[in-house]
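Here are a few exercises to work through with the model open beside you. Try each task before reading its solution.

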Amino acid sequence: MSEPAVRFRTLILAGVLACGAAAAVGAPDSGWGSGSAALSRDLISRMSVAGGPAADVLPPAAGAPGSAWGSFPPHASVFLFTDRVRRNRTPKGDLGSPPPHSGRGIFPQTSVEVRVAGLDNGLRVVAVPFREPDTVVFSTIVRAGVRNEVEPGQTGLARFFERLVLGIGPQVASPGAGGEALFRLGAQTRGFSTEDYACRSVLFAGRENLEAVMRAEAARIMGPRDIKAGILALAPVLEREARTAARKPEVRLIGALRNAAYERHPYRDFPWGGLRDVPNAPSTAEAARTFGSRFYTPEHTVLLAVGDIVPDRFIEMARKQYGGWVRSGFDFQPAAVPPQKEPKRAHLEAPGTTARLGIAFLGPAFSDSDRAPAALDLIAAASFSSASPLYQKLVIREKRCLSLVADFHATRDPSLLVLSAGIKDAADLPAVEAEILGELERVKRDGLTSRTLTEAKARLRFALAGEIATAEGASRALASTVGLTGDPGSLNKLYALIDRVLPSDVLQAARAYFKPSNSTTVTLGPLTGK
Amino acid sequence: MSGTFRGRRVGGALVLALIVLAACSVTEPDTLGSVFISAPDDPLVHFRILVKVGSANDPSGKDGLCRMTWDLLAHGGTRTSSAAEISSRLYPLAASISVTVDKEASAIAADISRENLEAFYAIFKEKLLAPGFAAEDLDLLKADRISRIEDPEDEANLQAFGSAILDRLIYEGHPYGRPSSGSAATIAGLTVADARVFYAQHFVRGNIIIGLAGGYPPDFAERVVADFRLLPAGFTPALRLPAPRRPAGPEVLIAEQPGTAEAAVMGLPLDPDMTEEERAALKIAGVQLGQDPKVGLTPDRFRRQRIFPVPVAAGGEGDPIAAIPAALDALRSLAREGIPEDRFELIRASLLNAARLAAGGAGERLRERLDALPEAGEPGGSERGRVILAGVARSEVERAVRKYLDPERIRIGIVTEDAESARRALAAIVPSAGVRTLLPAEIFRPSPEIKE
């Protein structure tokens, strides 16, 4: 399910994404008003990821036909958790640009040499030996999600496939087909999905069991699928889940923000709104078959093993188990997110519930090379954390808010930066909104102090340290960036990038994105007269 | 290549480096206990301060006081710094302190990057040994707890809510029958003086076991012990626990709360005197019924008495009350027909393999050693548990099921927004059950742990 993933990414990569982009940078706006006035300054959002591997399809191995992305080395290494990148065997690799600077890495004392291989069919294989005796986490990351639902009649197919093929449900991934083999091993299955990718992981003991796990997992993703029966069985389940989720005020709020901000882009349907077509099983079966044959294919998939493994043996096993998987060669064209030109606003009536406020800013896509997203991430960490002056005022001292959260959602297409608050008294909605916007104006005017910036960087860095202390945590952290870029080196680049953000970057990013014309505001609660 | 890890070789080195420096069992009741697991390659240091008192030690009429007192230590200010000041000092360290409170014990825990160990420990020590007990901190925590208890939208803890209702049903008149988090009414009545008194009475040397694991420097453990030795002497006597009552037939307790999603939780109290072999046999039975293999049936410091949960609607989908008949049928079938040989072998193999995973990192080993009862034998329960599990025979599973899991004495806890409909549905499912509905004022709802 999406929620754990969202939480995870918020914790680890908090804001890591969003906002790259050559945006119109100018003096701070001051026209927040009530949200009705349309300010005309455009945000120029970018569709590509600056300098990063934004390829939709993973590059095939060197010499393989059908590559629009250049060649990918059959074997390469990257030192994870440091900023040192080493190429192995093939000098013209696609593992990312050379490190911008050498020296101290993110966590040099715990660096890990990662092996990466590309199979002829486009499948990418990432091996991460990790200090945790006897523990292995094997993950299948399919880089397809609602983002790929660009044609009519396709809404809900990504979620359907996540459930049917990867077993990703509301809480955990179910063992499903091949389940007995995994059950015998005492394996635990996990899963999460985002707008852009889905990740299924199997956690088990003993490197000697890796081949059996891979055999079961290969059969699951490469084996025959009864789409019609799957739809008949799963459509009611998915519908029920969507209905249950839709009762939750926080889901309603986020859903309304996405619907308004993304309008016609498939992201509007994540995570629960995109099930319109699934219940119509007979006419959807063909669309489902098409979706599966296009995206549940090797060129959209990354295999990741973290833990007590022998990298070369893992790569060889992947070749043996997955080498016969046939690529689709489908040329996917993602939908564009048009620049937002005016403020948007909506109110959801919800008597008897806690009042809620959500303010979203449309930013650029995930990048591991553009400082703007990292700068916005740091603003969120500094200005809206529980230690921030605004939080201390609204939540702790005045007790007007029950919660105050900043959430950057890492996506391949332009991302939303969402500031949300639970408000004790609905009458306080306008005042709390003014406080949040006031804080953003302050950042646009003054930026962040050097000390605040340093502390926010430390916060993000040590939050990652806590996460990657176990094989399972390291696997999740890696999957979250591999799902976005296909590149295990992205995690390093990202944290190196965060480390390089300057106060001037913060000012520039704040002024570029915190504009009324770029905002969507949704309130939820009793009618407030707005 | 220096400073990098190299798979197995380093993994092996870690095993060798994982040195258990001490596992000091407490021989005198007012002696400070300690468990240290040094793992020099671990980039984190894991703190787990176990306090041998829990919600069952709450004074009468002050349910939730234990939890509130430890929350004040973890999330409040100190004698010299306000909560806000401490929050800003912890922020760049990415440190959070968690509090776990169960019936007979509590744990205050934190994981911290070893780069930040000194800065963090200065704060952690001050919080635990010189708490401020500021009225404003208490007010904030009370408001937070009460809003979570009263907010029907908070579904994250729905299953825990159901389990608390089941606890209440099974342990009525027993020290475990008290709500761990308190009710809105009892929390509202808690005062700073209550917390100060509870801290003075119970945060004493004999109640505390210091747990430390991971990549801490050589002299660090001694420093921590020296600091905590400054606490006053004393200990809280262990509670005298009666056996849970055994009603003649099934029982149902319904908690009605407007706007809530529905939950159904079933279980049976385990006999406190059962053998380890019988518990291992019931573990296999539980998995056959759909229990999560991680469900704990073994007594530990938090609970010397345990419940056998009977899973309802595994996977969490659908109408929970409608799923009760299938769950009861599965239990009846297990009691009547036993477990097929191939299934028994499969489950046992699965549990034995899963136990290898459980013995993972230093933090997990610390938790396991610290939480185990001293009478459970040599610390490191998973190895001992594996040996016992490996020796269990299929006939023992069937015998244990017939002896301890009587479907006709099942207890069912229900959370619903429509008690009358639930009552009607249950009358058809378990006609012989005694059904009671909690009055709104009697309902307590557990609230999630607070994190910085």
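**Exercise 1.** Classify B:Arg367: is B:Arg367 buried, exposed or partly exposed?

*Solution.* This is a predicted model, and the classification rests on counting neighbours. Step 1: count the other C-beta atoms within 10 Å of B:Arg367, which gives 19. Step 2: compare with the cut-offs, where a residue is buried at 20 or more and exposed at 12 or fewer. Step 3: B:Arg367 is therefore partly exposed, because 19 falls in between. To place B:Arg367 in the fold, look at helix H13 of chain B, residues 362-371.

**Exercise 2.** Find the domains of chain B and describe the side of domain 1 that touches domain 2.

*Solution.* Step 3: list the contact residues, 36 from domain 1 of chain B and 32 from domain 2 of chain B. Step 4: on the domain 1 side, strands E3 (33-38), E4 (44-51) and E7 (208-214) and helix H6 (158-170) of chain B each supply at least two residues. H6(B) gives the most to this side, with ten residues. Step 5: sort the domain 1 side by class, and you get 18 nonpolar, eight polar and ten charged residues.

**Exercise 3.** Repeat the analysis for chain A: which element gives the most to the side of domain 1 that touches domain 2?

*Solution.* Step 1: note that domain 1 of chain A is written in two segments, 2-49 and 337-525, while domain 2 covers 124-306. Step 2: the contact draws 35 residues from domain 1 of chain A and 36 from domain 2 of chain A. Step 3: elements of chain A that each supply at least two residues of the domain 1 side include helix H1 (2-12), strand E8 (344-349) and helix H13 (471-485). Step 4: H13(A) gives the most, with nine residues. Step 5: by class, this side of domain 1 of chain A holds 19 nonpolar, eleven polar and five charged residues.

**Exercise 4.** Summarise chain A as a whole: how many helices and strands does chain A have?

*Solution.* Step 1: chain A has 15 helices and twelve strands. Step 2: 61% of its 530 residues count as buried. Step 3: among contacts in chain A with a separation of 6 or more, 78% join residues 24 or more positions apart.

Notes
Residues numbered from 1 in each chain as written. Chains lettered and ligands numbered in written order. Predicted model: local features only at pLDDT ≥ 70, side-chain atom pairs only at ≥ 80, totals over all residues. Domains from an automatic or database assignment. Contact = placed C-beta atoms within 7 Å. Helix = DSSP H or I, 4+ residues; strand = E, 2+ residues; numbered from the N terminus. Nonpolar A, V, L, I, M, F, W, Y, C, P; charged D, E, K, R; others polar.
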